[in-house]
Amino acid sequence: MAYETIIVEVEEGIATVTLNRPEVLNALNSLVFIELGEACANVGADDSVRVVIITGGEKVFAAGADIKQMALSTAVNVATSVRPSQATFNLIENLNKPVIAAIAGYALGGGCELTLVADVRIAAENAQFGFPEIKLGILPGGGGTQRLPRLIGAGKAKELIFSGDFISAEEALRIGLVNKVVPADQLLIEAKKMAKKFAARGAVAIQMAKTCVNEGLRMDLNMGLQYEHKCFSLLFATEDQKEGMKAFLEKRKPNFRGR
Ligand code: CAA
């Protein structure tokens with residue numbers, strides 16, 4: 001399916017969704033959020049897709065929400081206009097398959113918030129992260145004030161949000177904002193390497209593990225452990241569990257079928 005603001009390619013079970021507004025550093029307007037949501041819902045429903053990569057390519061991830069569009073907003077219509085972005089962020093965070101953000105260049109404001117809803121973040125050495133909203137007289141409104149402290153802790157999150165400063169890929173790695181840093185020309189290669197590793201695992205087990213982590217973060221420890229226990233038990237009803245353990249005992253690689 002052809003989109004105006006993104007490119008979607010599916011190859012060997014890996015869907016790569018590339019933000020495609022280079023003239024404005026991939027600024028995220030409402031059409032991007034609508035198309036991104038639609039594309040992710042489609043790949044989520046496609047059993048042949050095992051892993052999703054979201055990227056902006058080797059130069060820029062996204063310089064935030066589209067300020068030209070936002071500048072026209074009022075307190076009344078901003079509530080309506082942020083709905084597509086919230087819906088898309090939530091959809092990606094809860095997608096039934098792993099999502100890897102492959103980030104080069106700027107990942108600012110809403111762009112950085114988009115990386116926060118991915119399961120794993122891989123940064124190119126040229127990546128820069130930041131929440132410049134404060135310099136515009138607003139705050140991170142795409143989940144940044146909530147997801148960022150959950151990922152890196154409240155102190156570091158507040159420093160980034162209050163200052164609006166940008167940080168390098170190395171600093172992002174140091175504070176746990178990204179999982180790994182790679183040379184820019186290796187970014188998509190590394191993201192696909194990781195995606196292939198995830199794709200070779202049992203899809204149902206990955207999906208449940210993702211749900212356990214995501215839902216567990218919203219519960220207290222006791223509830224989370226109970227939730228984990230239920231998911232763990234349920235996996236013993238899958239063909240993949242039988243195949244995984246049989247393959248181990250037969251000293252061969254498992255052939256998971258996602259059932
Ligand atoms: N929205 C709209 N257009 C943007 C944009 C944005 N967020 N970021 C960059 N652009 C546009 C610029 O206006 C410029 O367009 P023109 O050529 O038509 O002037 C083009 O992209 C290239 O940008 P620059 O010339 O500014 O490039 P630079 O290399 O000199 O600077 C930058 C790069 C530091 C990223 C700078 O563009 C910048 O500060 N951008 C805004 C970053 C920002 O404030 N992001 C947060 C947005 S608010 C938000 O995201 C809210 C939320 O929480 C959901």
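Which residues lie nearest the centre of the second largest pocket? I took this to the model, which is a predicted one.

**Entry 1: second largest pocket.** I found 16 residues in the lining. Nearest the centre lie Glu-93, Leu-116, Arg-147, Asn-214 and Leu-217. I noted a volume of about 480 Å³ for this pocket.

I then sorted the lining by residue class. The second largest pocket has seven nonpolar, two polar and seven charged lining residues.

Next I looked up the helices. Helix 6 (144-152) gives at least two residues to this lining, and helix 10 (203-216) also gives at least two. I checked the domains as well. Domain 1 (6-199) and domain 2 (203-249) each contribute at least three residues to the lining of the second largest pocket.

**Entry 2: largest pocket.** I turned to the largest pocket, which holds about 810 Å³ of space. Its lining comprises 34 residues. Closest to the centre I listed Gly-64, Ala-65, Asp-66, Met-70 and Ile-138.

By class, I logged 18 nonpolar, 12 polar and four charged residues in the lining of the largest pocket.

Which helices each supply at least two residues of this lining? I wrote down helix 1 (30-45), helix 2 (67-70), helix 3 (75-81), helix 4 (83-93) and helix 5 (110-116). Helix 2 provides the largest share, with four residues.

**Entry 3: recap.** I set the two class counts side by side.

Technical notes:
Residues numbered from 1 in each chain as written. Predicted model: local features only at pLDDT ≥ 70, side-chain atom pairs only at ≥ 80, totals over all residues. Heavy atoms only, no water. 1 Å grid on protein atoms, 1.4 Å probe; cavity = no way out; pocket = protein on both sides within 12 Å on 5 of 7 lines; lining within 4 Å. Points joined across faces, edges and corners; volume = space filled by probe spheres on them. Nonpolar A, V, L, I, M, F, W, Y, C, P; charged D, E, K, R; others polar. Domains from an automatic or database assignment.
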